[in-house]
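Here's a quick look at a protein model, starting with the overall fold and then zooming in on one pair of helices. Have the structure open as you read.

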Amino acid sequence: MYDSHLHTPLCKHAVGTPLEYVAAARERGLAGVVFTDHNPMPAWFDPQSRMPAEQLGLYHSLVEEARAQAPDGFYVGLGLEADFHPGTTDYVRRQLEAYPYDYVIGSVHYIGAWPFDHPDFTDEFDRRDRLELYSEYYGLVYAAIEAGVFDAIGHLDLPKKFGHVPPEEAWDLVEGVLTAVKGADLALDVNTAGWRKPIGEIYPAPRIINRAAELGIPVVLGSDAHEPEEVGWRFGDAVELLLESGYREAWVYRNRKPEPYPLERA
Ligand SMILES: [Zn+2]
Ligand SMILES: [Zn+2]
């Protein structure tokens, strides 16, 4: 198994060196990891929770150092969790073309100027109609799919993080987005961080994973670890859920190309 969603302290809200994440992954019996720290964005976009563009080279070298020190056969991939935000796609496209990344997750963390997954700004949920909120969010996810620059979509139902679950009427939106994911040959980031958050549910919800399985959408497992202790977080439970949904394999990316591996109970 591979953990394909890991951060580093360069994003300003994670701890532990890449070497420590790799050591934790080896202790947990994983076959490899892919670092996907928050990408540099234009200077006006969310500078407090990502590395500045000047540190991208440092990020590359830290991950490559971890790769060089890992034992033979243990895979260390270099990727990014790239934000999708209207007006920044050309910036991100050029960034991704400029370096040989292994894997790029496309994530929506903002609706307009609101970082809806930030614990300091949850009041805003009370001011918004829930269906309208999910409609805006999934509109952005749809645009991220259409952007054509990502390998997978990150934590597909992130607005539920603090417990604001979607209303039943939002299911049509999910169905539309999953159809678009399939049509664009993208994968889903199956992200166990949801189990560490107030919602206490994996991203995306089991119902969405079931539907994704029916549609034949590939999955990439990730812990979204922001500290070494979180590497491989509840992967056993995630594998169980995926097997129950009908999945028999997951994907890991190398050179932006998917490589399937079998899902097996530990
Ligand atoms: Zn983060
Ligand atoms: Zn994220």
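## Burial

First, a cut-off: a residue is called buried if 20 or more other C-beta atoms lie within 10 Å of its own, with C-beta atoms placed from the backbone. Going by that, 43% of the 266 residues of the protein count as buried. Keep in mind that this is a predicted model.

## Overall build

The protein has eight helices and eleven strands. Its C-alpha trace spans about 50 × 45 × 30 Å along the principal axes.

How does the radius of gyration fit with a compact globule, and what are the two values? For 266 residues, a compact globule would come out near 18 Å, and the protein has 17 Å, so the two agree.

As for contacts, take those in the protein with a separation of 6 or more: 78% of them are between residues 24 or more positions apart.

## Helix 7 against helix 8

Two packed helices can be described by the angle between their axes and the distance between those axes. Here, helix 7 covers residues 206-215 and helix 8 covers residues 235-245; they pack at about 45°, and their axes are 9 Å apart. That angle makes helix 7 oblique to helix 8. The crossing of the pair is right-handed.

Which residues meet where helix 7 packs on helix 8? Helix 7 brings Pro206, Ile209, Asn210 and Ala213, while helix 8 brings Leu241, Leu242 and Ser245. Sorted by type, the residues of this contact are five nonpolar and two polar, with no charged ones.

Technical notes. Residues numbered from 1 in each chain as written. Chains lettered and ligands numbered in written order. Predicted model: local features only at pLDDT ≥ 70, side-chain atom pairs only at ≥ 80, totals over all residues. Helix = DSSP H or I, 4+ residues; strand = E, 2+ residues; numbered from the N terminus. Rg over C-alpha atoms; globule rule 2.2 N^0.38 Å. Buried ≥ 20, exposed ≤ 12 C-beta atoms within 10 Å, placed from the backbone. Contact = placed C-beta atoms within 7 Å. Axes fitted to C-alpha atoms, helices over the stretch in contact; angles between N-to-C directions. Parallel < 35°, antiparallel > 145°, perpendicular 65-115°, else oblique. Left-handed = near helix turned anticlockwise from the far one by under 90°. Nonpolar A, V, L, I, M, F, W, Y, C, P; charged D, E, K, R; others polar.
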